[in-house]
Every structure is written in C-alpha cells, then in structure tokens.
Amino acid sequence: MPIAKVHRISAAAPNDVSGIEAAIAAGRVDPKGVMAVLGKTEGNGLVNDFSRGLATTALTLLFERHLPKAEAAQVCLVMSGGTEGGMAPHWIVFERGEGEGGASPSLAIGRAHTPALPFEHLGRVAEVEQVAAGVRAAMKDAGIVDPADVHFVQIKCPLLTAQRIAEADARGVLVATRDTLKSMGLSRAASALGVAVALGEIAAEKIADAQIGSDWSLWSGRASTSSGIELVNHEIVVLGMSKAWSGPLAVDHAVMADGIDIEPVRSALARLGLGTPGQLDAAQRQKLVALLSKAEASHDGRLRGHRHTMLDDSDIASTRHARGFVCGALAALVGHAEIYVSGGAEHQGPDGGGPVAVIVDRS
C-alpha cells in the first residue's frame, strides 16, 4: 500500500540542494520515490526570474546523480519565485513509499506532465482543456476517483517570451497577448480553470477565451498555478485523501476570501487536529508538515472597504506585495514563515483571496 511522505527542507540559495542531498544520504528520502519538489526561491517571481531556472537545474542534476535520466525527468519541479517579507526559501519534497502505514484514508499524491503547449494556445480554452486532461491523469496516478477527495492541485505552467512570440509569428498564428508579463497571468488563469473543469467546479462549456483572466466570478477553490520561463508544458501535482493510501499524513484545504481571512485556514487545521484559538504552539508546529497558499491583490483596489495601493505601485509588482502580505498573515497563525505562498491567483479562489492547503502529521 502506498504511503505519502512530505519533507520540508530549508534552502540557503536557489541552487542550495544540500539539505535534500543530506536527507538522501541519511536515508530519510529515497530518490526513487520522489514524485515532486515544490520550491520557494528568492527571485522576483516575474518573467525574468531566473532563480526558478537555477533551482530547477540544481534539482535536476541532483536527481540525475541518483536516478537514470529518464526517471529523474519524471520528477515534477514546481518552482515559485518570490520570498518577499519574512517568507523563508525552502523545498517541499513529495515522496511515495510502500508498506503498511496504519491510518487510512491518508494523503495521496499524483503527478502528470502535459505535452508542450503551442504558444498560441496559452491563455485560451485550448490550455484549459490540456490542463483538465492533465489533472485527470494526475488523479488517476494518485488512485483518486472522486474529485471531492482532491484538496489541492499545484501546477507549473509556461509563459510567453519575445522569442516564443516570434516563433508563433513565424508560423502565422496569433498569441493571446504580446505582453510577456500579462502572459504569466493568462497562463495561470487558464490553468486554474482547467483544474476547475477537471474537478467539476465549473462546466467546460461555460468557459470562453474572453472570460479567461477577466471574469472573476469563475474560480476554483483547489487550484494553485504558477507560471515560469523554465518550461513549455505543464507539470501537475494532485494532493488528496484516499483509502488506497496509508500513513500518518493528511491534507485539507481552505479558501481565503481576502488576504486577511485566516479563519478558514484555522478551521482546516482544526479538522486535522490542530485546533487552537490563537497561534499554534511548538508541539503543533511540529505536526504542521507544510502550508501552501495563493495570494493576490484584489482587482477593485479595496481590502475590506479600505483602499490598497498594490496595483498602483510602478516599482514593485502587485504579486510581490500580495505574497509578503499573505505570508505574514498566515505566519501569525502558525508561528513561522516557512510557508509556500504563490502570487497571482487568477481564478484561484475569489478575487483578492485564494486557496490554501495544510498537510499535517497525525501520528
């Protein structure tokens, strides 16, 4: 019976994989069982954030030292740039083991890699459809049949660069935007809607190209998408609960209505046995294995009735403000800032809010 293992490991730099290497050497991590690595790197999280590529290269070389190249290539590497505020750079390593872990249902992990996305499909219904198919494949990989058992879907999706736009031009096709920064949001948006379609949150026929990245009434409560320059396909990781898996780990999710709304997260923690009226104590923090969240600035420029200036700052992108702000709110709840907060939550939760996943060790 499969057993999910999740390791949160601190990083001193985007290419610092020494903590993962040490865990492998000590036998705490079996590279043959690693399915995915999520990373928070201290770049700017924008088009030119090459910290993500540096991290991906370092991780690829690490796994190629322990696995055949073909097997190493199957590990999903989801790098999220930007550790603004007090957010701590770190890795989250998802591993599948075998044995009898006791408690069930338990955390189940599935993954999928889509084919390369034609650049003219980015930010359009064709990307929604490709991602939906990929999410279903990852659910099958996890052994999850009922979409209700899925609590979080983490996706790394591509973006457009000047070179990629030129390649599309040469083929005589039109891209959704020629603004490379805007392409990040469109790709995140289409990918999130693909999750919503796969999980039955939104009917596919209700989504048109014009709604992607503009109709904020359409959203998924379990999608987390992050775009980057370092890939041209989608890498998809599904987290859910399954009776086919055993072990001490469990996952639940919440949806923040805005960047201050930590009460749904507190409720999710309570459902997993970490209920507290205040901040988690030291013993509870030990049981909190990972906390993943989306963050964004609301498009109306308001936060609980008051004006915010995140959208008006010409020096710092709004996604950077939002990451730091939400990480601070969640850190006040859990007592540390080694939290995976990804910026840009287009169609991921309500406008200005976002989905959150908590993974807890119940042992």
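This is a predicted model: local features need pLDDT of at least 70, side-chain atom pairs count only at pLDDT 80 or more; totals for chains, interfaces and linings use all residues.
Local features need pLDDT of at least 70 and side-chain atom pairs count only at pLDDT 80 or more, while totals for chains, interfaces and linings use all residues. Residues are numbered from 1 along each chain as its sequence is written, and side-chain values use heavy atoms, with hydrogens and water left out.

Helices (H or I, at least four residues) and strands (E, at least two) are DSSP runs, numbered from the N terminus. Four strands form an open sheet with mixed pairing, in the order β9-β14-β10-β13; two strands pair if DSSP finds at least two bridges between them. The edge strands, each pairing on one side only, are β9 (249-256) and β13 (340-343). From one strand to the next, the twist averages 15°. Eight bridges join β9 to β14 (residues 354-361) in the antiparallel sense, and H253 stands opposite A357 in β14.

The axes of helix α1 (residues 18-25) and helix α2 (residues 51-66) come within 10 Å and cross at roughly 20°. Axes are lines fitted to C-alpha atoms, for helices over the stretch in contact, and angles run from 0 to 180 degrees between N-to-C directions. On the α1 side, I20, E21 and I24 make the contact (heavy atoms within 4.5 Å), and on the α2 side L59, L62, R65 and H66 do so.

K40 lies over the face of Y340, at 5.8 Å from the ring centre. A charge sits over a ring if NZ of Lys or CZ of Arg is within 6 Å of the ring centre and within 35 degrees of the ring normal.
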